[in-house]
Amino acid sequence: MNYYLVAMITIYVTQKIPAPVEKVSRVLLEHQKLDRFFNANISLKKPENNGEISGGKGAIRQIMIGKIVFFEEIISATTQHICYRIIGKGPVSEHQGDIRLTPVDADDKASQLDYVITFKSPRWLPSFVLKWLVERDIKKAMGKLAQYFLTQNSITNRSVEGTSL
């Protein structure tokens, strides 16, 4: 009899980002630069399919977290939605990540990011532990993403203020 139940884990993270949807999407699809937000080494192994937005559908990235190495494929990507999944052997099964971006205000100066990840934990690792670890890392990464745009906005504002007409 199998006493280990493997439940589907779902993580929801919401973050306000001080940038337009298009800029946030563009930064999230720069796979080779994602390690500035995530606690992982990330490299692009295959570019997007012909006719897709840069970093979009068909792109494959390699994720290295310590000695754990796996690959993620972008299933679909628009400026408002990025969907990806782990392909091949990975640390979890039945994984999918969905990032939705919506403008917060009419002038599109800020975005709301809704990040949903679903997966099954390996049998040897309690689901609640893995959920806590992944959720903590995603929240930190999205906080770093928001901070990145705050810094970019600050630099842009100083540059504009420093110019004379």
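Predicted model: local features only at pLDDT ≥ 70, side-chain atom pairs only at ≥ 80, totals over all residues.
Select β3 (60–65), β4 (68–77), β5 (81–87), β6 (93–103), β7 (111–120) and α2 (127–161). Each of these elements supplies at least two residues of that lining. Now colour α2 separately. With 6 residues, α2 gives the most to the lining.

Next, show side chains at the pocket centre. Pick I63, I65, F70, V134 and D137. Of the 33 residues that line the largest pocket, these lie nearest its centre. The space inside comes to about 760 Å³. What kinds of residue make up the lining: nonpolar, polar or charged? Colour by type and you will find 27 nonpolar, 2 polar and 4 charged.

Move on to the sheet. Select its 7 strands, which run in the order β1-β7-β6-β5-β4-β3-β2. The sheet is open, and the pairing is antiparallel. Which strands stand at the edges? Highlight β1 (8–17) and β2 (41–46). Each has a single partner strand, so one side of each is left without a neighbour in the sheet. Turn the view to look across the strands. On average, neighbouring strands are turned by 20 degrees against each other, direction ignored.

Click S43, then find its bridge partner, Q62, in β3.

Now zoom in on β5. Is this strand largely enclosed or left open by the rest of the structure? Of its 7 residues, 5 are buried, so β5 is largely enclosed.

Look at its partners one at a time. On one side, β4 and β5 pair in the antiparallel sense over 6 bridges. Trace the hairpin that joins β4 to β5: it passes through 3 residues.

Keep C83 selected and look towards β6. There, C83 stands opposite D98. The strands β5 and β6 run antiparallel, with 4 bridges joining them. They too form a hairpin, this one with 5 residues between the strands. Finish in that turn by selecting G88, where phi is positive, at about 70 degrees.

Notes
Residues numbered from 1 in each chain as written. Heavy atoms only, no water. 1 Å grid on protein atoms, 1.4 Å probe; cavity = no way out; pocket = protein on both sides within 12 Å on 5 of 7 lines; lining within 4 Å. Points joined across faces, edges and corners; volume = space filled by probe spheres on them. Nonpolar A, V, L, I, M, F, W, Y, C, P; charged D, E, K, R; others polar. Pairing = 2+ DSSP bridges. Axes fitted to C-alpha atoms, helices over the stretch in contact; angles between N-to-C directions. Buried < 20%, exposed > 50% of the residue type's maximum accessible area, 1.4 Å probe, protein only.
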